[in-house]
Amino acid sequence: MTALRIDWGAPWLAPLRGLRPHIERADWRVALSAEARCRGVTTAQGLPIEFVAADDAGGTAYETHIAATGRVPTRDNAHDLFNALVWLTFPAAKAALNARQAAELARDGVRSRRGPVRDAATLIDESGLLLAATEEACAALMRLDWPWLFGAQRARWGSEWTPFAFGHAMIEKLLAPYKGLTAVVVCLPLADATVAHIDRAAAQWVQRTALAPPLLAHLPVLGVPGWWPANDTPAFYADTAVFRVARSRAGGAREALRQ
């Protein structure tokens, strides 16, 4: 893991930064498992989380195995490393997602298609961004109102509105950032949220909310103010291939041009 080129100064890694010494140990799984015990990280059923060899689950479904044993199969790669770091940083949210997935698997078994709940849970787990914001910000995300979010309300990012990178696949992709990288957003009405606050709120949201991919908001990650120098320029957001316009707004714009 020490060979990975991780820019620990990147703003999206701020919540994970304190774990850096553990991944520089000879056996980082053992080190992170020990840290998980120190932090009291458990499954939703209260089983201590431990990061183990990739083949630990055998033929059992991954999420079922974690829920039943607390043992997280972990490969020696960046993807699974970031998964472990997110477990330590957002333990309640990770446990809630695992429990939701495990419940679906217990009811339906492993099918060729996951179904809407598991699809949405997987998207959040892999590509999620937790956003502590206001109801108006959450609504603006759903209607893709980028001028309002990143123009008129830009100053609220990093103070009143706080983003937290959560999806481990997304964090892995941010090792080599690109403009089109997009997160699914769990937007929660919180003010001045800490990591612990957003973790608890996200866990409650996962437990109570109807889950399906069409219900999730999306956000191009490098558009977050303060996360990428190029977005200081308004022209950054003019790329409609990335910052897409909602169909109703696009239709209105076309109608205005015809008049």
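Guide: In this predicted model, helices α4 and α5 are roughly perpendicular to each other, because their angle of about 110 degrees lies within the range of 65 to 115 that counts as such.

Visitor: Which quantities describe such a pair of packed helices?

Guide: Two packed helices are described by the angle between their axes and by the distance between those axes. Here helix α4 covers residues 78-89 and helix α5 residues 91-108, and their axes are 5 Å apart.

Visitor: Which residues make the contact of α4 with α5?

Guide: Helix α4 contributes N83, V86, W87, L88 and T89, while α5 contributes P91, K94, A95 and N98. By class, five of these residues are nonpolar, three polar and one charged.

Visitor: How are the strands of a sheet joined?

Guide: Strands pair through backbone hydrogen bonds, in either a parallel or an antiparallel sense. This structure has an open sheet of four strands in the order β4-β3-β5-β6, and its pairing is mixed. From one strand to the next, the twist averages 35 degrees.

Visitor: In what sense do β5 and β6 pair, parallel or antiparallel?

Guide: Strand β5 (residues 182-189) pairs with β6 in the antiparallel sense, over four bridges. V184 stands opposite H218 of β6.

Visitor: Which strands do helices α6 and α10 touch?

Guide: Helix α6 (residues 116-127) packs on the sheet and touches β3 (128-133) and β5, its direction making about 100 degrees with that of β5. Helix α10 (residues 195-208) also packs on the sheet, touching β3, β4 and β5, and its direction makes about 95 degrees with that of β5.

Definitions and conventions
Residues are numbered from 1 along each chain as its sequence is written. This is a predicted model: local features need pLDDT of at least 70, side-chain atom pairs count only at pLDDT 80 or more; totals for chains, interfaces and linings use all residues. Side-chain values use heavy atoms; hydrogens and water are left out. Two strands pair if DSSP finds at least two bridges between them. Helices (H or I, at least four residues) and strands (E, at least two) are DSSP runs, numbered from the N terminus. Axes are lines fitted to C-alpha atoms, for helices over the stretch in contact, and angles run from 0 to 180 degrees between N-to-C directions. Contact means heavy atoms within 4.5 Å. Angles under 35 degrees count as roughly parallel, over 145 as roughly antiparallel, 65 to 115 as roughly perpendicular and the rest as oblique. Ala, Val, Leu, Ile, Met, Phe, Trp, Tyr, Cys and Pro count as nonpolar, Asp, Glu, Lys and Arg as charged, and the others, Gly among them, as polar.
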